[in-house]
There are 2 protein chains.
Amino acid sequence: MEKIPILRMGPFLLVTIQVDLYDRLAENLEADLVQMVSKTGAMGVLIDISAVSIIDSFMGRIIGNIASMSKIMDAATVVVGMQPAVAITLIELGLPLKGVQCALNVERGMDLLRSKIALNEGTPDDYSDTE
Amino acid sequence: MEKIPILRMGPFLLVTIQVDLYDRLAENLEADLVQMVSKTGAMGVLIDISAVSIIDSFMGRIIGNIASMSKIMDAATVVVGMQPAVAITLIELGLPLKGVQCALNVERGMDLLRSKIALNEGTPDDYSDTE
């Protein structure tokens, strides 16, 4: 199976990573996700990595890339379901996932995204937002 | 990766199948799912098979098993995201997935589950949270 499915749930997209990402699969995921954000007007992307028990610098970089791309496309990214061992490995690898917010599970991730959207919509945007 | 993650979303559980199911993985999934239904008091199970492009009689049977188990545990099962080729194959294999409801995508599947719950209970938001 050559594709990681991207599920639409209301204003959010959900990606569950269950397989080891290799170059082409990761590239496809990035391309698909950016297109889905554009097509659906999604306001947030949830990346579930609860099935990931081993993480390397490549996968850490891909997650960072996805978050950066989504940000440019005006969608926030939240990584959910990280296993404790993965968190330890990421820090030991020197990959603190800067700019990526994390939540314990999908429900908390959705709450976080909802509160971010509410925050953004509540602030007046008559002055330039350089974020 | 030896486990298929089961995500909790409100009163529902979401399972995304991205890898080929072999015996032990399928058994683990069945056991995990039944336990999760019991633990969370979930009222519905969504099985997303949008990443499944090839289906065989084994996988068809597993999906049927999961639906039957969930039913006994008082949770409805909806299969979502089936690819057209998979639907053709299932019928040609003589596996019409009896007792399993299908929906085009996750959102429609959730709507279907919500309407089923509303039908059964009268109120859609009245689900017990036993976490």
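**Close-up views of a predicted two-chain model**

View 1. Arg114(A) and Asp111(A) form a salt bridge, with their closest N and O atoms 3.2 Å apart; a salt bridge is a side-chain nitrogen of Lys or Arg within 4 Å of a carboxyl oxygen of Asp or Glu. The model is predicted: local features need pLDDT of at least 70, side-chain atom pairs count only at pLDDT 80 or more, and totals for chains, interfaces and linings use all residues. Residues are numbered from 1 along each chain as its sequence is written, chains are lettered from A and ligands numbered from 1 in the order in which they are written, and side-chain values use heavy atoms, with hydrogens and water left out. Because Arg114(A) and Asp111(A) are three residues apart in helix α4 (residues 106-122) of chain A, about one helical turn separates them. Helices (H or I, at least four residues) and strands (E, at least two) are DSSP runs, numbered from the N terminus. Arg114(A) is partly exposed at 45% relative accessibility, as is Asp111(A) at 47%. Buried means under 20% relative accessible area, exposed over 50%, and partly exposed in between (1.4 Å probe, protein chains only).

**View 2. Salt bridges in chain B.** In helix α4 of chain B, Arg114(B) and Asp111(B) lie three residues apart, about one turn of the helix, and their side chains meet in a salt bridge (3.2 Å, N to O). Asp32(B) forms a salt bridge with Lys3(B), the closest N and O atoms being 3.5 Å apart. This pair links distant parts of the chain, 29 residues apart: Asp32(B) is in helix α1 (residues 23-40) of chain B, and Lys3(B) is in the segment before β1 of chain B. Asp32(B) is buried, with a relative accessible area of 17%, whereas Lys3(B) is exposed at 52%. Over all chains, the count comes to four salt bridges.

**View 3. Surroundings of Thr40(A).** Thr40(A) is found in helix α1 (residues 23-40) of chain A and is buried, with a relative accessible area of 17%. Its side chain reaches the backbone oxygen of Met36(A) at 2.7 Å and the backbone nitrogen of Ala42(A) at 3.3 Å. Leaving aside neighbours within four places in sequence, Thr40(A) is in contact (heavy atoms within 4.5 Å) with Arg8(A) and Leu13(A).

**View 4. Surroundings of Met59(B).** Met59(B), in helix α2 (residues 57-72) of chain B, counts as buried at 4% relative accessibility. Beyond neighbours within four places in sequence, Met59(B) is in contact with Ile17(B), Val19(B), Leu21(B) and Val52(B). The C-alpha atoms of Met59(B) and Ala26(B), 33 residues apart along the chain, are separated by 8.5 Å.

**View 5. Interface of chain B and chain A.** In this view, 20 residues of chain B are in contact with 20 residues of chain A. The area buried between the chains is about 1,800 Å², of which carbon and sulfur atoms give 64%; buried area is the accessible area (1.4 Å probe) that two parts lose on being put together, summed over both. The elements giving two or more residues to the side of chain B that touches chain A are β1 (6-9), β2 (12-16) and α4 (106-121) of chain B. Across this interface the rule finds zero salt bridges. Of the interface residues of chain B, 100% are also interface residues in chain A, so the copies meet through the same surface. The predictor gives the complex an ipTM of 0.73 and a pTM of 0.81.

Key:
Polar contact = N/O pair within 3.5 Å; in protein donor to acceptor, adjacent residues only side chain to side chain.
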